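Please have the sequence and the model at hand while reading.

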Amino acid sequence: MPDTTIAVVTALTPSPTTLAEYGLHFLTSLGRKPGVRVVALVEDLPVTYPDIDGVEIRRAWRFGSVGNPLSILRAARAVRADVVIVNAHFTSFGSSKPAAALGLMTPALLRLSGIPVVTLLHNIMETVDLGAAGFRSNRAGEALVRAVGWCLTRMILTSNLVTTTMPRYVEILRRRYRAGNVALTPHGSFATAAAPPDSTPTRTILTFGKFGTYKKVEGLIRAFRLLDRPELRLVIAGTDSPNTPGYLHAVADELGGPDVDFLGYVPEEEVEPLFRNAVLTVFPYTATTGSSGVLHQAGAFGCPPVLPRIGDLEDLIEEEGFTGSFFEPGNDADLARAMGELLDDPDRREDVVRHNRVAATGLPLEDVVDWYLLHIGSILSRDPRMLLADSPVAAMA
């Protein structure tokens, strides 16, 4: 019986909730670590979750429920968690403002109950374009949302440790909130080993994700048709964002055609072939709310990206060493130009593939998880009642 039980609150594929893919890869890496018992506290959904070596799956919360903090607390106690990791961003627990806000109070409730908490916060309110992300109706509404976001951030910072994937977020949290319990834990690469790119990819252009809020495909479809390349097909892979149900169906009704495939949910084992069979991956974002797992996947699987020049994503590109062809968000003609430049220059595409493969595989998530174990060891060692002396986590403290 392992000495330390780590409970991880996260969405998990095949859930459509944001961060489900990251949750899968994080749990896969954590479950491989010796000496810890890992329990995933996931959504109570009528789906079959994947079997993950070394990980117990418990259904503990529901997207949109205002009772999630209490449900998660009960589940953490039931599994006798020594520490809880919360994998979240600002809309992880619901599309309604009450459900989303109450869900983000989970770390504070766990701390009040005496359970140590590490919160992995994928975005922060200060860097989100609320209008583009669909959270603002007017200036007064934006001011209110940001004020609530400030309070929620304060509550999240009651965690023993808050980690973010971008240095800029760490700086903001330390400066604006005077937080001393914030650390950088890079996104990490999902793929453990990058194979060479397919030398004869299918002539498809891919976009992948959860669409409807700040990831919109109307402009991409229009730009794709501006290219006027009948040998190409556009593949839209993924589902609606849980905040915008019905979005992709409505777009297919309005702009669909024989040149566009709407694939819907893509099982994990089909993700890599999807990227390897595409000649480009397009990021039709109007805003970003954190680092991009899709960009890491595109880099690892040898698919050059076409990227918007906007806030967090551009920072991520610079800080993590990615590159690609860039376009002005909201400008269909400029997106068509950016796609055309890479399509017409195979040497540049290959340079981008080589460059991004190095960036995407430089720090495996497997190694990032070790950083979490180091932090957890340090947190638990401050209270010897929480950690047995011979625990592997204690040894790492």
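## Overview

The model described here is predicted, and the structure holds 18 salt bridges.

Asp370 and Lys33 form a salt bridge through their side chains, with an N to O distance of 3.0 Å. Because Asp370 lies in helix 15 (residues 365–381) while Lys33 sits in the loop between helix 1 (20–31) and strand 2 (36–43), the pair ties together parts that are 337 residues apart in sequence.

The two partners can also be described by their accessibility: Asp370 is partly exposed, with a relative accessible area of 26%, whereas Lys33, at 13%, counts as buried. Both residues belong to a network of salt bridges that also includes Arg32 and Glu366.

## A pair within helix 14

Arg354 and Glu350 are both found in helix 14 (residues 346–361), where they are four residues apart, or about one turn of the helix. Their side chains meet in a salt bridge with an N to O distance of 3.8 Å. Arg354 is partly exposed at 43% relative accessibility, and Glu350 is likewise partly exposed, at 32%.

## The pair Glu56 and Arg58

In the salt bridge between Glu56 and Arg58, the closest N and O atoms are 3.4 Å apart. Glu56 has a relative accessible area of 29% and is partly exposed, while Arg58, with a relative accessibility of 35%, also counts as partly exposed.

Methods
Residues are numbered from 1 along each chain as its sequence is written. This is a predicted model: local features need pLDDT of at least 70, side-chain atom pairs count only at pLDDT 80 or more; totals for chains, interfaces and linings use all residues. Side-chain values use heavy atoms; hydrogens and water are left out. A salt bridge is a side-chain nitrogen of Lys or Arg within 4 Å of a carboxyl oxygen of Asp or Glu. Helices (H or I, at least four residues) and strands (E, at least two) are DSSP runs, numbered from the N terminus. Buried means under 20% relative accessible area, exposed over 50%, partly exposed in between (1.4 Å probe, protein chains only).
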